[in-house]
Amino acid sequence: MAVSIPPGAPVQGGQAEIACYDPVARALHWLVAVLAVIVVALGWAIPGAPRETDSRELLLLLHRSLGVSILGLMVFRVVWRLRHPPPPLPQDFPRIEALAAHADHALLYVLFLVMPLSGYVNAAAAGHSVSFFGIVAIPPLIPESPGLAQVAVAVHLTGQFLIYGLVAVHVAAALMHAIVRRNGILERMLPSRRPG
Ligand code: HEM
Ligand code: HEM
């Protein structure tokens, strides 16, 4: 039976006992990770759908609404992170790798705020509101500006490639820790683990 790990509880790594992220941080991590995969897949599908068709409108609605959901979750996540610092890495963790991991994480935080914001600014600067699952419409909160709308879409289309690179490095590092080094780093973020 799987058990959840209390915040800050020690996790048995390959060589040493290390503490894991708190349950809210872990839940937010995996929720945003799953939503990120869905939102990118929807984003890729948008250009393939013919303009002014219901299928394109549905893809756009779902992409934008899930993107706005990610924005809300990321804002909450940043506030949570500032009030709940993660447990320290093991003392023998190489300093250069810790720096690289922190940089990768910080950039992921920034990009997962910039992507939905640029998506919203693109619509708002063109004078359009953004529908959230057809339930509420978020009005344009900035003055109309075709130039800004173009900059925003350029940021949105370019930002995706930074995300692919950062996530690829991030997942590769997590798998390397789990499979090669077996040092308990992946377990710091897992929702639960088996005892023993
Ligand atoms: C974390 C949030 C988001 C991510 C990761 C993301 C990512 C993407 C990706 C990968 C594409 C496909 C780009 C391409 O075809 O090369 C895309 C397209 C698009 N996204 Fe987002 N997006 C996010 C949020 C949003 C939001 C909140 C909005 C609007 C409110 C939005 C509006 C759009 C639009 C309109 C397109 C089509 C652009 C075009 O083909 O000209 N996105 N997005
Ligand atoms: C299979 C996919 C993934 C795995 C295995 C994974 C694994 C991990 C692990 C083990 C950590 C904790 C690292 C540490 O102990 O210092 C972590 C942190 C983090 N991950 Fe992921 N991750 C995945 C996908 C993603 C995705 C898609 C995103 C972006 C949305 C993401 C964003 C982050 C961020 C921002 C942190 C830093 C958390 C903090 O310190 O507040 N991860 N991830």
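Where is Arg182 found? Arg182 sits in the segment after α4.

This is a predicted model, in which local features need pLDDT of at least 70, side-chain atom pairs count only at pLDDT 80 or more, and totals for chains, interfaces and linings use all residues. Residues are numbered from 1 along each chain as its sequence is written, while chains are lettered from A and ligands numbered from 1 in the order in which they are written.

Helices (H or I, at least four residues) and strands (E, at least two) are DSSP runs, numbered from the N terminus.

**Two ligand shells**

A residue belongs to a shell if its C-beta atom, placed from the backbone, lies within 6 Å of the ligand. Ala, Val, Leu, Ile, Met, Phe, Trp, Tyr, Cys and Pro count as nonpolar, Asp, Glu, Lys and Arg as charged, and the others, Gly among them, as polar.

| Ligand | Shell | Classes |
|---|---|---|
| Ligand 1 | 24 residues | 17 nonpolar, six polar, one charged |
| Ligand 2 | 20 residues | 15 nonpolar, three polar, two charged |

For ligand 2, the closest are Ala33, His105, Ala174, Arg188 and Met189. Here α1 (23-45), α3 (95-125) and α4 (146-181) each supply at least two.

**Two positive phi angles**

Phe133 lies in the loop between β3 (130-132) and β4 (136-138). Its phi is near 50 degrees, a positive value in a residue other than glycine. Arg182 has a positive phi too, near 45 degrees.

Burial counts other C-beta atoms, placed from the backbone, within 10 Å of a residue's own: 20 or more is buried, 12 or fewer exposed, and in between partly exposed. Phe133 has 12 such neighbours, so Phe133 counts as exposed. Arg182 has 13, so Arg182 counts as partly exposed.
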